[in-house]
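Colleague: I have a model open and would like to go through it with you. Could you take me through how its parts are arranged?

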Amino acid sequence: MSHPPALISRRNLLQHSALAILGMPLLGSAAGCVTQTADSKTNAEITIGYVPIACTTPLILAHAQGLFQARGLTIKLKKYGGWADLWSAYSTGELDIAHMLSPMPIAINAGTTRGKRPTLLAFTQNTNGQAITLATKHVNAVQSAQDFRGKVIGIPFEYSVHALLFRDFLASEGIDPVSDIELRLLRPADMIAQLQVGGIDGFVGPEPFNQRAVASGAGRIFKLTKELWSGHPCCSIAMSKDWASIHPDQAKLLTEALGEAAAFANNPANKETVAKILAEEKYLNQPEKFFLPSLSGEYQNWHGETVADQQRISFGDATDPTAITWMATQIARWKLGGTSIVMEDSTLIRLADSVLPEGIAAGGETATINGKEFNPNIPTAGY
């Protein structure tokens, strides 16, 4: 993952292989060319829960552009203010399908908290796309992880790649993320207000909230999370294994619609259209001007310079088994999984494999994360 071109090639290969195994056409197929089964046409309405952040772009676009409907699926989107509320709705069976942070299916499948439920990570919605944003008052004072000592940093959820990656970033520089800093759980929408009133020193979070902090003058992007791990997954679409096994045709068609939407979002020519759709009140309800910078890759860095990074965010990359194993390892490392996720190689590999879609097995290539090589076949090495 330290070499983006090779990563993209590998991910495309995995995506195409997985789709072929599942009997799906490749991305970019016209919705009108999809063969609909009688079962999919008569399927009851499916509710999908989501948290309103830019990471959910494929889900929003597939709904807004009629890609689900064209495949005979009747989809209702239900908005949740934060991850705890969505977690509760899914774990209790109110939802069978949900937008989740990628570590969440691992945790809920393993039963790390109340409400264990067999879960499949069916689709990776976005790669990269997050940032560490700090209050502007820290611009001259914070230059490295060492300068985070004593700070209060907002995170959206314990089972998020944001929190896990940030903990590892601190630890790689000798800062204890438990005793040397306070990580405070906040809904994404609350992070801006807390930053503006000085309740937190910064946050690790999604768009459009980093851009909102910059536009307001309250904050500045310290680092993109892709600088810590280039090509890291963030959000996913998770499905109950029971639901997926009972509705295999719907599961395939739903994933296919998400893939087509992701391909649309990845085309730079469509960024204005994508931003306009995301901004709608019924979807993310934020001004479209806050989505355009992340979609175009442009942003103001810690030094106040305007830079462009075309890999700032992408959508619909193949689910990466190395990443899922790393996430399971970090949950165990920081003892966030209770007794259900322990620091033992075979356990971690098995847990990763248990949430991966058909055709993608646990294991994979080594990845460079916070300057350290991670081997998914020996996940505990070095920790």
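Colleague: What kind of model is it, and how are residues numbered?

Modeller: This is a predicted model, in which local features need pLDDT of at least 70 and side-chain atom pairs count only at pLDDT 80 or more, while totals for chains, interfaces and linings use all residues. Residues are numbered from 1 along each chain as its sequence is written, and side-chain values use heavy atoms, with hydrogens and water left out.

Colleague: How many helices and strands does the protein chain have?

Modeller: There are 14 helices and 16 strands in the protein chain. Both are DSSP runs numbered from the N terminus: helices are H or I with at least four residues, and strands are E with at least two.

Colleague: What share of the residues count as buried?

Modeller: The figure is 59% of the 383 residues of the protein chain. Buried means under 20% relative accessible area, exposed means over 50%, and partly exposed lies in between, with a 1.4 Å probe and protein chains only.

Colleague: Turning to the sheets, what is the order of strands in the one that contains β7?

Modeller: That open sheet has five strands in the order β8-β7-β9-β6-β10, and its pairing is mixed. Two strands pair if DSSP finds at least two bridges between them. At the edges are β8 (182-185) and β10, each of which pairs on one side only. Neighbouring strands are turned by 25° against each other on average, direction ignored.

Colleague: How do β7 and β8 run, and what stands opposite Ile153?

Modeller: The strands β7 and β8 run parallel and are joined by four bridges. Opposite Ile153 stands Leu183 in β8.

Colleague: Which strands does α6 lie across?

Modeller: Helix α6 lies across β6, β7, β8, β9 and β10, and runs at about 125° to β9. Helix α8 also packs on the sheet, where α8 touches β6, β9 and β10, and its direction makes about 140° with that of β10. Axes here are lines fitted to C-alpha atoms, for helices over the stretch in contact, and angles run from 0 to 180 degrees between N-to-C directions.

Colleague: And what is the order in the sheet that contains β1?

Modeller: The order is β2-β1-β3-β11-β4, an open sheet of five strands with mixed pairing. Strands β2 (75-79) and β4 (119-124) each have a single partner strand, so one side of each is left without a neighbour in the sheet. Within this sheet, β1 (residues 46-50) and β3 (residues 97-101) pair in the parallel sense over two bridges, and Gly49 stands opposite Ala98 in β3.

Colleague: Which residues of α7 are buried?

Modeller: In helix α7 (residues 188-197), the buried residues are Pro188, Met191, Ile192 and Leu195. They cover an arc of only 95° around the axis, which puts them on the same side of α7; the arc is that of the directions from the helix axis to the C-beta atoms. These residues pack against α4 (83-91), β6 (131-135), β7 (152-155), β9 (202-205), α8 (209-216) and β10 (219-224), where contact means heavy atoms within 4.5 Å. After α7 comes Gly198, whose phi is positive, near 85°.

Colleague: What about α4: which of its residues are buried, and what covers them?

Modeller: The buried residues of α4 are Trp83, Leu86, Trp87, Ala89, Tyr90 and Ser91. Their cover includes β1, β3, α5 (103-110), β4, α7 and β11. Gly93 follows α4 and has a positive phi, near 90°.

Colleague: Changing topic, how many aromatic pairs are there?

Modeller: A search of the whole structure finds nine aromatic pairs. Rings of Phe, Tyr and Trp (its six-membered ring) pair if their centres lie within 6.5 Å; planes under 30 degrees apart count as stacked, over 60 as edge-to-face and the rest as tilted. One of the pairs is Trp87 with Tyr159, which is stacked at 5.5 Å centre to centre, with 20° between the planes. Trp87 lies in helix α4 and Tyr159 in the loop between β7 and α6 (161-172), so the pair ties together parts that are 72 residues apart in sequence.

Colleague: Are Trp87 and Tyr159 buried or exposed?

Modeller: Both Trp87 and Tyr159 are buried. Another pair, Trp229 with Trp326, is edge-to-face, at 4.9 Å centre to centre and 65° between the planes.

Colleague: Where does the charged end of Arg117 sit?

Modeller: The charged end of Arg117 sits over the ring of Tyr90, 4.7 Å from its centre. A charge sits over a ring if NZ of Lys or CZ of Arg is within 6 Å of the ring centre and within 35 degrees of the ring normal.
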